[in-house]
Amino acid sequence: MFKRTKRWIKNAYSGSIKTKLISLYTLMVIIVFIVIVIVFYFINVSLKSINNVYSSNITTGELSTAIQNIQYNLYGYLNTRNAESLENYYRYEDEYRNMLGNLNDKNMDDEIFMLQKNIRGMSETYLKLSEMTIQEKRGRNVEKYKDYYEKSTEIYNYIKEYISLLNESQFEENSSNYMVLLGSLKLSEFVSVVIIALICILSMTVLLLFVRNIINPLVSLARTADEIASGNLEAELKDSELTDEVGIVTNAFNTMVRSLRHYVDQVKKRMEEERKLKEQQLLMENHLKDARLKYLQAQINPHFLFNCLNAGAQLAMLEDAERTSVFVQKMADFFRYNVKKMQDDATLEEEIEVVDNYIYIINVRYDGEIHYEKHIGIEDIRIRVPSMILQPIVENALNHGVRNNEGEKRIALYIVDNDDDIIIQVQDNGEGMEREKVQEIMENIKNEEQSDSDSTGIGLENVNKRLELYYKKENLFKIDSDGAMCGTTATIIIPKEEEVF
């Protein structure tokens with residue numbers, strides 16, 4: 001057996017690292033498992049025994065409490081004839097009888113068993129007298145129930161004394177058992193410490209057998225690798241003569257270091273070139289975004305200018321110069337804003353003002369048919385926004401929403417605060433659209449497919465794209481409609497405290 005074990009250790013020591021580690025791990029697991037099972041078994045047995053030492057005292061205490069409850073409720077029923085006391089009496093009597101069933105009822109030499117037999121016998125007599133007392137009480141026979149009660153009380157006192165003696169005897173016996181078990185537990189603890197110490201010594205011995213062949217080469221390899229990681233590419237291990245994995249890794253490591261020296265300069269040069277190209281690419285992207293933003297801001301419908309000028313000429317011919325002056329002034333303010341803000345952002349207040357001017361000019365053309373409402377639900381309307389984002393939406397609501405209404409033509413502007421965003425909505429009571437049409441328009445807007453002059457969505461792709469470029473976010477613009485003749489709502493979401501383009 002000893003020779004076989006020695007041969008197994010020798011084979012494990014001269015094998016590969018995998019074989020060495022598996023052998024060591026298996027040996028340690030088997031030893032630790034056996035020790036843990038043995039220690040756990042003895043400790044578990046001792047703990048169970050200790051936990052059960054004073055269980056008999058607890059049972060005796062419960063027995064004493066139960067008979068006290070019976071006597072108390074019997075007395076209460078005799079004095080007050082209370083139904084609750086009678087009910088409690090029978091409940092505690094049933095519990096007490098169940099406890100009596102666990103007591104000894106045979107003659108034995110043991111003192112504790114004899115006490116249990118006497119308690120059980122006296123308890124049967126006591127319960128019988130108590131029942132007779134209750135029956136005579138119900139029959140209103142005063143003399144008999146008093147006589148039975150006195151006898152039952154006398155037996156009750158004897159039972160209490162016997163229970164006290166039983167409890168003391170059990171306590172003395174349990175204390176002796178407890179000391180024995182405690183000594184056994186301490187012995188188990190000492191044995192466990194000794195076994196653990198032996199396992200530690202054995203583990204250290206086995207580790208020392210493996211350290212020369214495994215740990216030392218690995219430490220050298222790790223030290224050299226750390227030097228190379230710190231930038232010292234001149235560090236190199238001596239070629240190993242070992243045939244296991246450590247020797248293979250050491251020789252491969254040396255080859256890798258030599259190759260690394262050759263490629264490191266080329267990698268540095270390549271990274272520098274890539275950095276320069278990345279900087280140029282980012283610069284070109286920023287210029288492209290800037291040019292695209294300015295291009296989108298520069299898109300203004302020239303037809304509106306000619307229509308307004310024609311309306312101004314007609315008004316000058318039909319009315320006095322005062323109204324014409326107001327009209328021309330509104331026109332001048334409107335186009336001055338367009339030219340000024342062509343390459344700039346604006347405040348929300350300026351955007352609202354240009355919509356007011358636009359509605360005034362349009363109402364001249366439509367003879368005041370456009371009913372315009374605005375509801376400003378925020379205090380600060382001087383926040384910065386992209387220029388010309390409200391007027392195109394209002395113009396779209398007019399041309400493709402309410403223009404063909406035979407009744408009231410209503411356009412409403414709502415601006416509300418929604419925690420992290422400001423919500424701007426332009427609502428009209430125009431023709432409306434089905435859900436499929438809304439989805440089609442939104443797809444065209446997102447794909448930057450500009451519609452022709454007679455189709456719904458003119459100018460909206462311009463607004464949507466400028467919002468995305470300005471706030472560097474998507475889904476800041478949407479259109480909703482409940483169906484034909486249900487009107488349309490265009491919504492703009494303005495993020496608060498966002499870094500803009």
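**Notebook: charged pairs, a charged patch and the core**

I started with lysine 409 and noted that, at a relative accessible area of 6%, this residue is buried. The model I am reading is a predicted one. I then looked up the partner of lysine 409 and found a salt bridge to the side chain of glutamate 369, at 3.2 Å from N to O. This pair joins distant parts of the chain, since lysine 409 sits in strand β4 and glutamate 369 in the loop between α10 and β2 (370–376), 40 residues apart. Glutamate 369 is partly exposed, with a relative accessible area of 39%.

Next I turned to helix α4 (residues 83–100), where arginine 97 and glutamate 93 are separated by about one helical turn because they lie four residues apart. I recorded 3.3 Å between the closest N and O atoms of their salt bridge. Glutamate 93 is buried at 9% relative accessibility, whereas arginine 97 is partly exposed at 36%. I also noted that Glu93, Arg97 and Glu124 belong to a network of salt bridges.

Helix α6 (residues 142–229) contributes the most to the negative patch, with three residues. I checked glutamate 168, which lies in helix α6 and counts as partly exposed at 45% relative accessibility.

Last, I went to the largest nonpolar core, which has 40 residues, and listed those that touch the most other members: Ile424, Leu467, Phe477, Ile479, Ile492 and Ile494. I noted that α10 supplies the largest share of this core, seven residues.

Technical notes: Residues numbered from 1 in each chain as written. Predicted model: local features only at pLDDT ≥ 70, side-chain atom pairs only at ≥ 80, totals over all residues. Heavy atoms only, no water. Helix = DSSP H or I, 4+ residues; strand = E, 2+ residues; numbered from the N terminus. Buried < 20%, exposed > 50% of the residue type's maximum accessible area, 1.4 Å probe, protein only. Core = buried A, V, L, I, M, F, W, Y, C linked by side-chain atoms within 4.5 Å. Salt bridge = Lys/Arg side-chain N within 4 Å of Asp/Glu carboxyl O.
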